[in-house]
Amino acid sequence: MEPEACEIARLPEELLSAALARTSPRDACRAAAVSPAFRDAADSDAVWACFLPRDLPPLADGELPPATPAPGKKDHFLRLSDSPLLLPDKLASMWLDRETGAKCYMLSARDLSIIWGDTPLYWSWIPLTDSRFSECAQLLHVCWFDISGKIPCKMLTQDTVYAAYIVFKMNENSLGLDYPVQEASVSVRVTNLTRLVCLESNDEAEGEAGAVPGHYWPVRPHPPQRTSRRNRRAVPHGENVGRPQKRADGWMELELGEFFNEGGEDGEVSFSLMETKGGNWKSGLIVQGIEIRRKKSG
């Protein structure tokens, strides 16, 4: 091993840097542990300049305070991948995927199209301390549930598989979001993919498959009185119905679908979540936004 290590150490740093620049941020970090020579090359600006997107969007004032001394390219990359950073309008945030450098975004609820979202009888807008945005959308009562958004393909990293996720919470008085299930869709140019999903996780209870829950109410002039969530039973659905997952930040997320952002093409990605056929009242959902990030394999 020692002779091989000596041979590696004798390679010019420029050659090592050129090779590592063709890998990924994750691979460069792993290579830094091979030898001091690899570490010098793997940490060089020549390598990390290749991992930083050339078309980074501008950030809101104060989102990335100047560092002293001025950070190198690797430190700059790590700062951009550490946590979401607000864009100038403060209606969206972005960050870099730490493994690949792919650009990721979250569109706030205010940046989405929410049917009846500006009608105080149906939706309200509330501040939450654990949200990156100034307001979140809180569902009061609707029968026609429809949330959608879009993002230009050119804002995303080319030749990358992405997925869109709605990021949300439920309050204690949530109602009507487990049955009927919702329809999620993701559209890119001529491709439109849809899937059935359910905002309610229904982890605690079991019931007869296909059963209608006791709190199901058809369309009527006024919404029903709310009932405690712990007094309701779960409604099982088929294995092909997508379910939400708990996030590290305390929010829930539900995948709407995935797509491949092919390089060199214009257009936009559209995504939606809706339930408009059942006619039942729904309430208790709190939406922070929709996140578009690289889909990890496996």
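Hello everyone, and let's begin with an example of that. The charged end of arginine 110 sits over the ring of tryptophan 125, 3.8 Å from its centre. Likewise, arginine 293 lies over the face of tyrosine 165, and here the distance to the ring centre is 3.9 Å.

Before going on, a word about what we are looking at. This is a predicted model, where local features need pLDDT of at least 70 and side-chain atom pairs count only at pLDDT 80 or more, while totals for chains, interfaces and linings use all residues. Residues are numbered from 1 along each chain as its sequence is written, and side-chain values use heavy atoms, leaving out hydrogens and water.

How confident is the predictor? The pLDDT, its confidence in each residue from 0 to 100, averages 86 for the protein, and 83% of the residues score at least 70. Please be careful with residues 204-222, though, where pLDDT is below 50. That stretch has 35 contacts in the model beyond near neighbours in sequence, a contact meaning heavy atoms within 4.5 Å. Over residues 224-235 pLDDT also stays under 50.

Now the overall build. The protein has six helices and 14 strands; these are DSSP runs, H or I of at least four residues for helices and E of at least two for strands, numbered from the N terminus.

Five of the strands form an open sheet in the order S4-S7-S13-S9-S10, with antiparallel pairing. Two strands pair if DSSP finds at least two bridges between them. At the edges are S4 (113-114) and S10 (191-197), each pairing on one side only. Let's walk across. S4 and S7 (residues 145-152) share two bridges, and isoleucine 114 stands opposite isoleucine 147 in S7. Next, S13 (residues 268-275) and S9 (residues 182-188) are joined by six bridges, and valine 188 has valine 269 in S13 as its bridge partner.

What about the inside? A nonpolar core is a set of buried Ala, Val, Leu, Ile, Met, Phe, Trp, Tyr and Cys residues joined through side-chain atoms within 4.5 Å. In the largest one, with 58 residues, Ile166, Leu199 and Phe271 touch the most other members. Strand S8 (residues 160-175) gives this core its largest share, five residues. A second, separate core has eleven residues, including Leu86, Cys104, Cys136 and Val167.

Finally, aromatic rings. Rings of Phe, Tyr and Trp (its six-membered ring) pair if their centres lie within 6.5 Å; planes under 30 degrees apart are stacked, over 60 edge-to-face, and the rest tilted. The whole structure holds four such pairs. In one of them, the rings of tryptophan 48 and phenylalanine 77 have centres 5.1 Å apart and planes at 55°, so this pair is tilted. Tryptophan 48 belongs to helix H5 (residues 45-51) and phenylalanine 77 to helix H6 (residues 73-82), 29 residues apart. Are these two residues buried or exposed? Tryptophan 48 is buried at 1% relative accessible area, and phenylalanine 77 is buried at 0%. Together with Phe51, they form one aromatic cluster.

Methods
pLDDT = per-residue confidence, 0-100. Buried < 20%, exposed > 50% of the residue type's maximum accessible area, 1.4 Å probe, protein only. Lys NZ or Arg CZ within 6 Å of the ring centre and 35° of its normal.
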